[in-house]
Structure formats: C-alpha cells, structure tokens
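Please read it with the model open.

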Amino acid sequence: MIRRDLIMTPRRATYRSLDRFVRPILITDTARLTARDYSIYHSRELLSLRPVVLDTETTGLDNRAEICEVAAISSMTERVLVDTLVKPFNPIPSDATRIHGITNADVHHAPQFSQVMFGNLGELLDDTTISICIYNAEYDLRLIDQSLGIGRRYQYRDNIHCVMELYALFFGAWNEWHRNYTWQSLENAARQTGLYFQGNAHSALADARMALAVLRYMAASYTSLEVPEPDIWYHSRNSR
C-alpha cells in the first residue's frame, strides 16, 4: 500500500515533508524491520537529501564497453542537468543499437566522454555535497571509468547510492543460491510497480526519470511498522 501523504511529485509535496520520517529509528524497533522496511526508510532518507539521479546508455556490457549517452536530473524539480550523446572510442555494435536505438551516425559529432566530464557531469560527481542515485550504480561507475580511457580511473566518493540494490530489498525475491535478494532490471521494476516510462525506455533521460520514480514509489510505501489509512477514511475526509 502507498502512503498518499508521501507521493513525491513536485506539485503535491516538497521533500521537506520527509524530514520527520528520516530521523534515526528507535533501537527497540530495529529488530522488527524487514528488508522491505529498510528499503523504504532508506529511500525516504535519500530523497530528503535532494539527490541527482544519473543514468547512461552504453555500447555493451563487457570490459571494453563505453558510454554513448548520459543524463542526470534533479530529484527535486526533475530539471535536466545533463543530457548528451557521447562519441565512444570504438564503434557502437548493432546489438547495442537494437536496444537503445543510438547509431554511430548519431554520435559522430558528439563530444567524447572526457569532454563531458569537464562539463556539468564532472562538477556533479566532484561535488561532495550532492548525493547521486543510480540504478545499478556498480555497472555505471565501471562504464564511467572505461569511457575515460585506458588506465584512467575516477575517484568516487561515498555520496553515490544504488537504487537497484534498494529495490531488490523492497521487491523481496530471495535467491537461496546467492543468499541475497535478486536484482531486478529497471524495466521489471517499472512493470512491478505499475510505473510508466516518460519517453523511450533505454534512453538515458527516460531511465533516469524512471529510476527516480521507483525511488519515490519505495519512499511512499508503508512499512510494516506503520498503520495504513483505510481508503474509506481517505475518501470520506476528502468528500466533505
């Protein structure tokens, strides 16, 4: 069930309304928290930090893959902070193009990733006061390093958070073999939560917006320690 008072849209609420939910949980309650509870509380805490949400599209998955598109948005206003195609060192394989639709002709005049890093993207990653949320952060951070060139590594800080790992706790599909919760793709998360992409799925901007929507959905959900408000109360109070 979803907490209507925590539905996070710029028109209906500001993230200041989350302040009362991100205070430390009482020690007597922590033993009762489920993995899903933890993901909800942590999502609320992340949103209270007003993070930037980042996403990339790439030329593949292996250790030679590179970024060919990157986008970042404000979680407060959804303002687009970065949205650019990127020209990789190597051609984009046709298999990758079939997924995200980006062709070699599209990126022919685009900046290289090192040039993008000298602009707004580098400023965002360098700013220790900004929290950054990424769906599958480990993958995107590896691709940032690979896209910078051989032997170059970016000095990451502890202000980067993975929405995918939080959603795995929220969805709760336990994998006995790995002894952990199963990661869900962003498309699966959207389908499981009933959310819809703004624009084409597998564009960096649309995926960043969806990652933010998933984070908001988790933050707006009830924990096992909260009593949901019956729908009849909601409708009767709002019909007066």
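The model is predicted. V214 also belongs to the largest nonpolar core, which has 52 residues. F113, L121, Y135, V214, L215 and M218 have the most contacts inside that core. Helix α9, residues 204-219, gives the most to this core, with 10 residues. Nonpolar side chains tend to be buried together in soluble globular proteins.

Another core lies apart from the 52-residue core. This other core has six residues, including C68, A96, I102 and V107.

Next, the cysteines. How many disulfides does the structure hold? It holds zero. The closest cysteine sulfur to that of C133 is in C162, at 9.3 Å. C133 is buried, at 0% relative accessibility. C68 is buried too, with a relative accessible area of 0%.

S74 is part of strand β2, residues 67-74. Is S74 buried or exposed? S74 is buried, with a relative accessible area of 15%; the cut-off for buried is under 20%. A polar atom of the S74 side chain lies 3.2 Å from the backbone nitrogen of M76. Leaving aside neighbours within four places in sequence, S74 is in contact with P51, R79, L81 and L212.

| Residue | Relative accessible area |
|---|---|
| C68 | 0% |
| C133 | 0% |
| S74 | 15% |

Definitions and conventions:
Residues are numbered from 1 along each chain as its sequence is written. This is a predicted model: local features need pLDDT of at least 70, side-chain atom pairs count only at pLDDT 80 or more; totals for chains, interfaces and linings use all residues. Side-chain values use heavy atoms; hydrogens and water are left out. A nonpolar core is a set of buried Ala, Val, Leu, Ile, Met, Phe, Trp, Tyr and Cys residues joined through side-chain atoms within 4.5 Å. Buried means under 20% relative accessible area, exposed over 50%, partly exposed in between (1.4 Å probe, protein chains only). Helices (H or I, at least four residues) and strands (E, at least two) are DSSP runs, numbered from the N terminus. A disulfide is a pair of cysteine sulfur atoms within 2.5 Å. A polar contact is a pair of N or O atoms within 3.5 Å; within protein, one must be able to donate a hydrogen and the other to accept it, and residues adjacent in sequence count only if both atoms are side-chain atoms. Contact means heavy atoms within 4.5 Å.
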